[in-house]
Amino acid sequence: MATELKSQAILDLLSRFFETDEGIKLRKKINLVYQFHLAPKKIGIDEVIFTVDLKEGKVSPGAYEGKPDATFSLKDEDFVKLAEGKLNPQIAFMRGALKIKGSLSAAQKFTPDIFPKPAKL
């Protein structure tokens, strides 16, 4: 699925990271399914949905077929900042830049550590 999202490259890297030894350890540790609603400009307008399945180690376009553990809605540019460790998820949530549905305990397990650093690939 081709998108104009800046986060697309990060999602592609994440998918490959899940196949590494470190990625497999991370998947087993977290073992949750996250769904992301990413908006190129503004939340709710032209958003794209991605599923990050840490149970199966897959990143896929579209909604999860079932109930994700937590769903995050945010701007594409904020997703990139989260992945790069330049935006704290808790601060983004408190400022309203990150909206969460589902299990708050599952959402709290979402940290920038989920995203691979280029040296790890």
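## Fold, core and surface of a predicted chain

Read along the sequence, the chain runs α-α-β-β-β-β-α-α-β-α. The model is predicted, so local features need pLDDT of at least 70 and side-chain atom pairs count only at pLDDT 80 or more, while totals for chains, interfaces and linings use all residues. Residues are numbered from 1 along each chain as its sequence is written, and side-chain values use heavy atoms, with hydrogens and water left out.

Biologist: How many helices and strands does the chain have?

Modeller: Both are DSSP runs numbered from the N terminus: helices are H or I with at least four residues, strands are E with at least two. The chain has five helices and five strands.

Biologist: Which residues have the most contacts inside the largest nonpolar core?

Modeller: A nonpolar core is a set of buried Ala, Val, Leu, Ile, Met, Phe, Trp, Tyr and Cys residues joined through side-chain atoms within 4.5 Å. Buried means under 20% relative accessible area, exposed over 50%, and partly exposed in between (1.4 Å probe, protein chains only). The largest core has 32 residues, and those with the most contacts inside it are Y34, F36, V52 and F72. Elements that each supply at least two residues of this core include helix 1 (8–17), strand 1 (33–39) and strand 4 (70–75).

Biologist: Why is helix 3 largely enclosed, and against what do its buried residues pack?

Modeller: Six of the eight residues of helix 3 are buried, so the rest of the structure largely encloses this helix. The buried ones are D76, D78, F79, V80, L82 and A83. They pack against helix 1, strand 1, strand 4 and helix 4.

Biologist: Which side chains meet in a salt bridge?

Modeller: A salt bridge is a side-chain nitrogen of Lys or Arg within 4 Å of a carboxyl oxygen of Asp or Glu. A search of the whole structure finds one. K86 counts as exposed at 64% relative accessibility, whereas E84 is partly exposed at 45%. With N to O at 3.5 Å, the pair is K86 and E84.

Biologist: Which residues make the nonpolar surface patch of about 310 Å²?

Modeller: Patches are made of residues with over 30% relative accessible area and no salt bridge; like charges are joined within 9 Å, nonpolar side chains (Val, Leu, Ile, Met, Phe, Trp, Tyr) within 5 Å. Areas come from the Shrake-Rupley method with a 1.4 Å probe; for residues, only the protein chains shown count as cover. M94, in helix 4 (residues 89–95), counts as exposed at 66% relative accessibility. The patch is made by I91, F93 and M94.

Methods. Contact = heavy atoms within 4.5 Å.
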